[in-house]
Each structure stands twice: as structure tokens, then as C-alpha cells.
Amino acid sequence: MKLAKKGKIQLIQGAARLGPGMLIKQVWLAFLDSFVRKRHLVFRLDTQNSSMSQPALSGGGHLREVLSADELDQPDLAWLTDPLAAHDWGTVDWLALGWRLWVLEEDDNVQAFAWVRDATHSRDFFVPLGEREELFWHVYVLPDYRGRNLQERLWRMIAADRALDGVEGIFTNCRDYNLPSRKNILKMGFSPVGQCDENRIMRRRVWRSY
């Protein structure tokens, strides 16, 4: 809860630099998410008809799938085993659940992480995934490497890899108060497919397709 609150404060601080209109919108959405309801926005990318399935943007770094914790250096492993960092990075325990971990690295330095789940391991998602669909679940760019468009580069590289492996669609989601994430998801070619509202008082979920 403290980590989520910290993230909202950072978003509000960023919105304040964009003007009063954006600040008011960000504060209002953060308030609703904290006290009224959580709204999960769901998006889908068609890998067969999207530039995301094409080769990644030019630049350094290469993509690597991590199959076990033994393949990570100690500093990276330390983050994935720290419960306080799980909100940002995820946790190494997700490997045991059958989730796939991809890293973008250059000169043996990890720059960004991404977790991907196939249909079998995504049955708790807001919508059912088809056999040839997967889920971008968690993406994190390390602070030292931000501002280099690495999130888009990582997503493009993974999408291209999965398209070659026969994956036809990729889902992802974000909360409605996370305006920067929503903007980035749309920029990368994802299309909105629906939203799930979770009432904080009644604990009831309502799904609405677009």
C-alpha cells in the first residue's frame, strides 16, 4: 500500500509540471482509485498487423530470456528477492509459476525487465486468453536507464519474438490513474478492449467491453 501511494505521489508531481488541467485530472483519478474503486484498463495488440511485430528500434542492447534465478547476477537477483522491490520488479518466485522473464541488457548490465504469461498461466486475468495469445504482465526500466525509450524497445523486441513463435495477440493492462502508462501503451499500438471496475467497499468486480 505504501508503494502504491508513493507511485501516485510521483505521478501527481509529474502532472503538476504539465499544468493545472493535468494536475487536477491526475489528483482526481488517484483519489478515486484510493478510496472509491480500482479501474483496470485492458488493451490488446494484434501482432500480425502491427509495427510492434517488426524488428525493434535501432540502438544497443539485446534481449535475453531468463529461465531460472541462477542466470541472474547477484545485484539483479537481490532486487527480485527483496519484498519491498516486488511492486516495481516483480519477484523471482514468478518463475516457479511458469511465467517468463525477459531482460534487456547491454555489456552484461540489465537495463529493463518484462514478465510475460501465456494463456495457461493467465486464467486469473480480466478476460480469457486464446491459445495463441499472451500477456505482458509487468515491465520495469531501471532508474539509471530511463529516458532512453527502453520500455518501447523491450516491448517491441518481445512482441517480434513472440510473433515469430506464432503468438497472434498480446494483452496488457494498467490502472486508469496511471496516465503515463496508458499513453505509452496506446503509443505502442495497443487497442483498448475494456475495463474492469473493482468497488473498494463492496469488493465486487464489473467488466465492461468497449
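## A lysine to start with

In which helix is the place of Lys 8? Lys 8 sits in helix H1, which covers residues 2-16. Keep in mind as you look around that this is a predicted model.

Is Lys 8 buried or exposed? Lys 8 counts as buried because its relative accessibility is 8%, and the cut-off for buried is under 20%. Its side chain makes a polar contact of 2.7 Å with the side chain of Asp 33, and another of 2.8 Å with the side chain of Ser 34. Leaving aside residues up to four places away in sequence, Lys 8 touches Ala 30 and Tyr 177 as well as Asp 33 and Ser 34.

## The whole chain

The protein chain has six helices and eight strands, and along the sequence they follow the pattern α-α-β-β-α-α-β-β-β-α-β-α-β-β.

Of its 210 residues, 44% count as buried. The chain exposes about 11,700 Å², with carbon and sulfur atoms supplying 53% of that area. Among contacts between residues at least 6 apart in sequence, 68% join residues at least 24 apart.

In soluble globular proteins, nonpolar side chains tend to be buried together. Here, the largest nonpolar core has 39 residues, and Leu 80, Leu 101, Phe 113 and Phe 190 have the most contacts inside it. Among the elements that give two or more residues to this core are helix H3 (74-80), strand E4 (109-118) and helix H5 (150-164). Apart from this core lies another, of nine residues, including Val 42 and Phe 171.

Note on methods: Residues numbered from 1 in each chain as written. Predicted model: local features only at pLDDT ≥ 70, side-chain atom pairs only at ≥ 80, totals over all residues. Heavy atoms only, no water. Core = buried A, V, L, I, M, F, W, Y, C linked by side-chain atoms within 4.5 Å. Buried < 20%, exposed > 50% of the residue type's maximum accessible area, 1.4 Å probe, protein only. Helix = DSSP H or I, 4+ residues; strand = E, 2+ residues; numbered from the N terminus. Polar contact = N/O pair within 3.5 Å; in protein donor to acceptor, adjacent residues only side chain to side chain. Contact = heavy atoms within 4.5 Å. Areas by Shrake-Rupley, 256 points an atom, 1.4 Å probe, with all protein chains shown as cover.
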